Amino acid sequence: MRRSTEKHLLLLLGAVVLQLACGPQPVGGEDGVDERDTIDTVESALTAPTMVEAVPGDSRVTLRWSSATAGTEQYQVRFRVADGTWSYRSAGSNTTYVVTGLTNGTRYEFRVRIKGATVETTSTYSNGLYATPTADECTGTAVRHISVTGAGTKDGLTAQNAGTMANLNAFITAVGPGGQVCIHGGTYGTGYTVSAGGADGAPVTLKGILGRPVFQSTFEASTRAKSGAVAFQVRASNVVFHNLEFRHVGTCFAFRAVAPVSHVTLSQFRAENLATCVDVERSTTASVTDLTVRGAMILQFTRGGIFLASNTNGVLIEDTYIDMQPQLIGGQGSDYPVGIAFYDTARNVVVRRATVLNVIGKQTDYTQGDGIDGESTASDVLVEDSYFRGSEDGCIDTKVRNMLIRNTVAAECKRNYRLWNSATPGPRVESVTSYQPRDAHFFMRSGVTTAVGIAVHSSNAARLVAYDCDTQCTFNVQGVSGTLADASRLNATGAVTGNTLVYGQAVTIPPVPNPTPFTP
């Protein structure tokens with residue numbers, strides 16, 4: 001018996017020595033699919049990095065992140081398409097990394113972590129950023145180059161002979177339909193007018209390369225001014241603006257009542273400290289048709305993020321993040337700021353995967369500041385798969401005729417969904433969720449509306465509906481779930497069917513999504 005015990009102890013000792021000799025075991029593979037990607041479920045002593053930027057290129061995306069640690073930490077990047085399988089790359093000790101071998105035109109999600117040999121030396125993953133690689137076509141005869149000061153002969157034919165922004169319209173004409181004007185990274189001024197464009201189905205692309213060109217003036221949002229220097233006045237059709245940045249400007253893109261404009265795309269741009277970023281002016285003669293705003297981040301504004309007015313017809317706003325960030329500009333914007341506005345006869349608009357936050361305006365008498373504001377002269381608007389939070393008055397405040405809001409979250413506004421049904425058919429909601437408003441989840445002014453498949457979550461004194469009716473108005477509910485403080489808060493004037501509410505439950509608001517390649 002004694003010999004057996006001694007033998008067993010020797011075997012155990014040998015296993016320990018072998019383990020020490022081999023050293024600690026890694027938590028996963030270096031490239032390809034991770035072998036043990038379970039670190040996210042284990043508490044780590046290290047703070048996750050913050051993904052700062054994901055800049056697409058030709059079959060590649062350049063990532064940049066910041067880290068709370070300093071030293072020789074090793075980083076691991078992971079990426080995927082939609083909700084597919086993650087792929088992994090070892091990024092070494094740098095805080096930038098280029099992911100190559102990607103498919104152009106495909107949208108990827110990227111995250112990064114510190115990866116060590118143990119749980120204690122491995123962090124959780126960072127926030128995710130999205131980017132879509134695109135072919136780099138800044139070569140050939142249908143291309144011109146622009147830099148801050150120009151170079152060489154300044155004919156724009158090559159990067160070594162780049163022109164300046166003074167050549168912009170001449171270069172657009174020179175490259176012709178389907179061509180590109182490549183604007184090199186650097187800091188530029190404002191006051192540029194685009195008066196030349198491409199052709200239907202073959203736009204000219206004004207594309208930032210080698211980083212992002214920054215268009216900058218001296219505007220300060222803390223003054224609460226509603227106007228200032230304009231970066232681009234858009235007076236031409238069939239133009240794409242891609243990968244640009246704006247700082248301290250009154251307006252990024254202004255559409256004025258000069259000539260009808262159509263087929264314009266504003267993609268992947270970042271704007272900070274401004275009055276109104278995208279502004280179709282209120283005029284009886286302004287006309288904009290087929291406008292796309294995609295992959296934009298708009299921060300620190302006084303008047304608005306995107307204003308659609310006049311004769312605007314056919315707009316797509318998607319993958320856009322708008323945040324006033326009032327704490328950075330003195331507490332509020334102008335008296336009547338709006339994240340996205342639908343005025344005059346703006347119509348046929350789709351807002352998809354938008355995040356609109358913290359629009360704060362007038363805070364005395366009748367408070368102001370809406371995530372969306374829409375007048376009854378506008379019509380045919382769809383808002384879906386979006387997130388609104390923290391505005392002074394309404395998360396969505398709309399009188400728009402035939403407006404549908406669906407699969408959307410609103411949280412922590414005075415009234416999360418303000419539905420004015422003075423026009424027929426008025427705005428309506430389907431499959432929306434409302435969290436913790438300061439007064440009511442919904443608002444009714446007049447008319448009749450039906451909410452279908454809604455969820456409400458509040459533990460405060462918020463009511464289901466706030467009414468302000470000159471005559472009788474009716475709020476019908478078909479299917480309501482979630483929680484209210486108590487049963488007295490379920491105060492719809494119409495029929496309530498499919499009620500599965502519980503009362504007095506705690507409320508957790510879902511995190512803010514960022515559908516852009518930028519970080520706020």
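What follows is an account of the cysteines, then of the chain around them.

Modeller: This is a predicted model, in which local features need pLDDT of at least 70 and side-chain atom pairs count only at pLDDT 80 or more, while totals for chains, interfaces and linings use all residues. Residues are numbered from 1 along each chain as its sequence is written, and side-chain values use heavy atoms, with hydrogens and water left out.

A disulfide is a covalent bond between the sulfur atoms of two cysteines. Here the term is applied to a pair of cysteine sulfur atoms within 2.5 Å. Searching the whole structure by that rule gives three disulfides. With the bonded cysteines of the chain numbered in sequence order, the pairing reads 1-2, 3-4, 5-6.

Take Cys138 and Cys182 to begin with. Their sulfur atoms are 2.1 Å apart, and the link has -95° about the S-S bond, which is left-handed. This pair connects distant parts of the chain, 44 residues apart: Cys138 is in the loop between strand S7 (129-131) and strand S8 (143-146), and Cys182 is in strand S9 (residues 180-188). Strands (E, at least two residues) and helices (H or I, at least four) are DSSP runs numbered from the N terminus. Both Cys138 and Cys182 are buried. Buried means under 20% relative accessible area, exposed means over 50%, and partly exposed is in between, with a 1.4 Å probe and protein chains only.

The next disulfide joins Cys395 to Cys413, with 2.0 Å from S to S. Its torsion about the S-S bond is about 90°, so this disulfide is right-handed. Cys395 lies in strand S23 (residues 394-398) and Cys413 in the loop between strand S25 (409-411) and strand S26 (415-419), so the link ties together parts that are 18 residues apart in sequence. Cys395 counts as buried because its relative accessibility is 0%. Cys413 is buried too, with a relative accessible area of 0%.

The remaining disulfide is between Cys469 and Cys473, at 1.7 Å from S to S. Here the two ends are in separate accessibility classes. Cys469 counts as partly exposed, at 28% relative accessibility, whereas Cys473 is buried, with a relative accessible area of 2%.

Now the surroundings. The chain has 520 residues, of which 52% count as buried. Its secondary structure comes to two helices and 34 strands, and the C-alpha trace spans about 100 × 75 × 40 Å along its principal axes. Taking a contact as heavy atoms within 4.5 Å, 66% of the contacts between residues at least 6 apart in sequence join residues at least 24 apart.

Aromatic rings provide other links. Rings of Phe, Tyr and Trp (its six-membered ring) pair if their centres lie within 6.5 Å; planes under 30 degrees apart count as stacked, over 60 as edge-to-face and the rest as tilted. The structure holds 20 such aromatic pairs. In one of them, Tyr192 and Phe232 have ring centres 6.0 Å apart and planes at 40°, so the pair is tilted. Tyr192 is buried, with a relative accessible area of 17%, and Phe232 is buried at 0%. Ring pairs join both to a cluster that also includes Tyr188, Phe215, Phe241, Phe246, Phe253 and Phe269.

Arg78 lies over the face of Trp86, 4.0 Å from the ring centre, and the charged end of Arg418 sits over the ring of Phe443, 4.1 Å from its centre.

On confidence, pLDDT is the predictor's confidence in each residue, from 0 to 100. The mean pLDDT of the chain is 90, and 91% of its residues reach 70 or more. Over residues 1-43 the pLDDT is below 50, and this stretch has 53 contacts in the model beyond near neighbours in sequence.

Technical notes
Lys NZ or Arg CZ within 6 Å of the ring centre and 35° of its normal.
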